[in-house]
Amino acid sequence: MSEHHSQATSPPPTGNPLHVGFFVTCLADLFRPSVGFASIALLERAGCEVSVPVQQTCCGQPAYNNGDYPGAAKIARQVIERFSDFDYVVLPSGSCAGMMIKHYPRILEGEWHEKATALAEKTFELTTFLSEIAAPVPDQQFPEPLHETVTYHDSCAGLRELGIKQHPRDLLKNLCDIDIAELSHSEVCCGFGGTFCAKMPALSAKMTDDKLADAGDTGAQLLTGGDLGCLLAIAGRARRQGLAMEVRHVAELLAGDYSTPAIGEPQ
Amino acid sequence: MTMNIQSENFLDAANSALENSQRARTRNALGQSTPLKRAAAVERFGDFEALRRHVKKIRQHSLDNLDHYLQTFEHQALARGNQVHFARTGRELNARVLEICNQHQARKVAKGKSMVTEETELNDQLQAAGLEVIETDLGEYIIQLAGEKPSHITGPALHKSESEIAALFMEKHTLPERELDTADAMVSEARVVLREHFLSADVGIIGANALVAATGDSMLVTNEGNGDLCASLPGVLIVCTTIDRIVPTLDDAAATLRLLARSTTGQAISCYTSFYSGPRGESDPDGPLETHFILLDNQRSDVLASDYREMLHCIRCGACLNHCPVYVAAGGHAYGSVYPGPMGSVLTPLLTSLEQSHMLPNACTSCGRCAEICPANIPLPDLLRDLRRDEHEKQLSATRWRLGIGLHGHLARSPQLYHWLTGVAIKLLHKLGRKKGFFRRLPLASGWTQARDFPTPQATTFMRQFKDQNKQDHD
């Protein structure tokens, strides 16, 4: 790992490792660094050289989704400057990756639009990158299963903007021998919606309750997914309702990190 | 008057809707069953995507040449003996309808389902002028009896349970002792009551799903046939619709039709699809003696000239309502507008003002399900976000939100300060909440902690841990 990224290496000469700029995303940075470390471990197991630009903060979704397009565009330009020199940019979040891939080009014009489009082409959500670009070498042995039944929450942005559906399931099977007990309404929003959950808490909670009931019906003791926003909201509601559902980010499971306390559990 | 709305109270109305558990269950059931019906119909159809693209082109072309097609329609409709009127506002439409009713000394009006006349509140105007107005679509009839507004654009009474409707009929219909314990029994009773009104109405009013420029026809789909009775039994027929319903040809109307029923109810085609071409001809045994088309603008031409013109592609199928988790949770009435759900949250601000309705574009989690299933491929989440941009520009959102977003933006663009501040804050939060694992209450996060616990962060931020680790690596 190196703290500062090197010069542009795209396209990489054959034999050289892919140089990945890792964008940890603000939620993982602040609330769950273990997601970041698990992601880096996976990328390194896939043979990548991983850099973490120190100047990174947030992808700009709070501003964008609240209608502050100029504010979001400023953040977008900052991200583009920090990350354009890597072979690939990887984020452990479908919604932040979707922001960079689908929405940066939408809010930027001229030269910056071109740069945003070029960056979008090499930006990947973690499980997509590990499935389509560089596969992590499996461990000799599967980790001891943590729970008998695991369910998966497909986050809306990842699902609909980036088509993330099968990759995390295949990775969980191949790296951890986990079969997903599917939700009945896996394509319905969990109620997080970024700042929506704070603007309209009762509506949001109703949606999360439906999601938790659906998860409970699968018999799962553990719910996982690829977006920390949804997971924090689901875990937070589960704690409030006194439900025992454990919630973890898929990167942690894939990296075999079963020991970090689950979201909202005592540390 | 453009359109009366009560959208400012969205949040309170939605929160009280959550508390009516019976209606919430009804909405949940519909929110689960209607998407399955649509999905099955789309599956059976085959290349639905190609049809969506085809109809999108039709809608685009029609709107790009709206002036031409409106003229053609007017010309063709006049040639067939219709009278054609254009109304700039809802008030103008209502006045024109009243004028026609007065010319014929009408006392009773039978109406088919028409969202446009809900938008203009025509019934209130006619009733104020002493006319008896009978809604004949079963859903509209039920809410008219109950004195309520529609909660859904294709199923106006979907919020009402069977038992509520049975009690309503028992109260409002003066009929002998009877059992009303099945939906069939209620439908039969409504039929009997409504039949009298069809026969005695002086004027029939219907809406239109499409206006065909090439022929001067209007197209209407119903599942009850009530529109046809309104259109053919009274002596005078008035079709009230908006200028954006226009399509060039019958084939184009048919293509739209193939999308419509599948998206709405999952049917391949609705029970009745009728084309109305004009007054009774000399050799026709029946039909109205006089027919009018009233084409309403009410802000549509402004929308056409705006960045939101794609909203005019809407075919009013209601699928985005059925698939929207916020609509399903909050119910249609919470929106305070005749157009609820995602399409309504875009349309209402455009037809009225963002000042009155800026809560609506916020009633969205950006989940994207509406755009995924919209038969007209309208990018609803993008349009809703663009309306939030307008809200932000006009400074309509709460000051503390705007300040918060602004502050966050500034911090996000000052990485060093951001990392220092978050480093301190996260460490503190971790210390305070480590043992428990979560916070029940947290200052500055009350929106979150109102409904859910706030998970305690890990020891310190990723960026700080990473920096520390890296230092050690280099030492």
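In chain B, strand β4 (residues 203–206) and strand β7 (residues 236–242) pair in the parallel sense over four bridges. Helices and strands here are DSSP runs (H or I of at least four residues for helices, E of at least two for strands), numbered from the N terminus, and two strands pair if DSSP finds at least two bridges between them. This is a predicted model, in which local features need pLDDT of at least 70 and side-chain atom pairs count only at pLDDT 80 or more, while totals for chains, interfaces and linings use all residues. Residues are numbered from 1 along each chain as its sequence is written, with chains lettered from A and ligands numbered from 1 in the order in which they are written.

Let's stay with β7(B) for a moment. The bridge partner of G204(B) in this strand is L237(B). β7(B) also pairs in the parallel sense with strand β10 (residues 290–296) of chain B, over seven bridges, and there C240(B) has I294(B) as its bridge partner. Seven of the seven residues of β7(B) are buried, so the strand is largely enclosed by the rest of the structure; a residue is buried if 20 or more other C-beta atoms, placed from the backbone, lie within 10 Å of its own, exposed if 12 or fewer, and partly exposed in between. V236(B), I238(B), C240(B) and T242(B) point one way, L237(B), V239(B) and T241(B) the other way, and all are buried.

Now follow β4(B) to its other pairing. Three bridges join it to strand β2 (residues 108–111) of chain B, and the two run parallel; K111(B) stands opposite I205(B). These strands belong to an open sheet of six, with parallel pairing and the order β1-β10-β7-β4-β2-β3 in chain B. Its edge strands, each pairing on one side only, are β1 (83–87) and β3 (132–135). From one strand to the next the twist averages 20 degrees.

Axes are lines fitted to C-alpha atoms over the stretch in contact, with angles running from 0 to 180 degrees between N-to-C directions. A205(A), T208(A), D209(A), K211(A) and L212(A) of α11(A) make the contact with A233(A), I234(A), R237(A) and A238(A) of α12(A); two residues are in contact if their C-beta atoms, placed from the backbone, lie within 7 Å.

Finally, step back to the two chains. Their contact takes 55 residues from chain B and 61 residues from chain A. Helix α20 (residues 399–412) of chain B gives the most to the side of chain B that touches chain A, with six residues. Chain B as a whole comes to 23 helices and twelve strands, and 48% of its 475 residues count as buried.
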